[in-house]
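Welcome! Here is a short tour of one model, taken a piece at a time.

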Amino acid sequence: MAAATPFITFEGSEGCGKSTQVQRLAAQLESLGVPFLLTREPGGTAIGETIRELLQFAPQGKGMFPETELLLFEASRSQLVREIIKPALEKGICVISDRFFDSTTVYQGAARKLSSETVEKLNALAVGDCVPDLTIVLDVDSKTARARMQNPRRPDRMEQEPDEFYESVRRAYRDLAKREPNRIVLIDGTKATDGVSEEIWRVIVSRFPSWAERSRSSDTAADNPQSAIRNPR
Ligand SMILES: Nc1ncnc2c1ncn2[C@@H]1O[C@H](COP(=O)(O)OP(=O)(O)OP(=O)(O)O)[C@@H](O)[C@H]1O
Ligand SMILES: [Mg+2]
């Protein structure tokens, strides 16, 4: 997909700091007056949020087979791409998604050990030509992530998996970043939040130089339009 209107995704294992950094980036874009939309996976649409509940928290999820899990993620994604992401990009609104199809490659493919060919085909069916221009993977070891997850939160099914599962997810993200160096940038997520967001912003302005221009001119501009579209769900 042409990078005229950027589509940026954040990936990485639980507790690596995706949602924190998505919010940081949103604040930065808002201050620059860049029109953007935040979304997340699974979810982001009415259908997707219902699927999210089933995948992550519903008691029925306990008996879920890996194939069922794969198809539910793809169902949520198919809806999100067509209902939200593509229409926004077509209108020139930048899209930032907290997880996208790499999560399925990693979790259902590598960690749950489903056929990578099947996962790739289903990902392709769900996203069509809607491939991210840039994917930030936050790399964090399981110990750091577990410590961060001690903060009060509603533990989802993946968080209840053992450390080996976490490490296989981490390894798979690192392999993916090596395989697709043009799209995926691996960032050390163990640093302090500010340091991580600064590094992400450096990567982003190197990929989308028009934002660097805005950033420079906003140092002198008195007002910026409030053009953000907050998470639709
Ligand atoms: N760089 C950081 N240093 C220390 N703590 C952090 C950092 N980034 C995020 N945190 C904290 O770690 C916890 C998890 O962060 P966050 O929710 O952003 O992770 P996540 O990747 O979105 O997790 P999940 O996959 O479960 O949604 C939060 O309490 C957050 O405040
Ligand atoms: Mg999150």
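## Where two helices meet

D102, T105, V106, Y107, A110 and A111 in α4 meet F165, S168, V169, A172, Y173 and L176 in α7. Contact here is a C-beta to C-beta distance within 7 Å, with C-beta atoms placed from the backbone. By class, this contact has nine nonpolar, two polar and one charged residues. Nonpolar covers Ala, Val, Leu, Ile, Met, Phe, Trp, Tyr, Cys and Pro; charged covers Asp, Glu, Lys and Arg; the others, Gly among them, are polar.

Helix α4 spans residues 101-111 and helix α7 residues 163-179, and the two pack at an angle of about 125° with axes 9 Å apart. Axes are lines fitted to C-alpha atoms, for helices over the stretch in contact, and angles run from 0 to 180 degrees between N-to-C directions. Helices are DSSP runs (H or I, at least four residues), numbered from the N terminus.

## About the model

This is a predicted model, where local features need pLDDT of at least 70, side-chain atom pairs count only at pLDDT 80 or more, and totals for chains, interfaces and linings use all residues. Residues are numbered from 1 along each chain as its sequence is written, while chains are lettered from A and ligands numbered from 1 in the order in which they are written.

## Around ligand 1

Ligand 1 is surrounded by 13 residues, the closest being G17, K18, S19, T20 and R148; near means a backbone-placed C-beta atom within 6 Å. Helices α1 (18-32) and α8 (193-207) each give two or more residues to this shell, and α1 has the largest share, with three.

## A look at V203

V203 sits in helix α8 and touches I136 and V185, not counting residues up to four places away in sequence.
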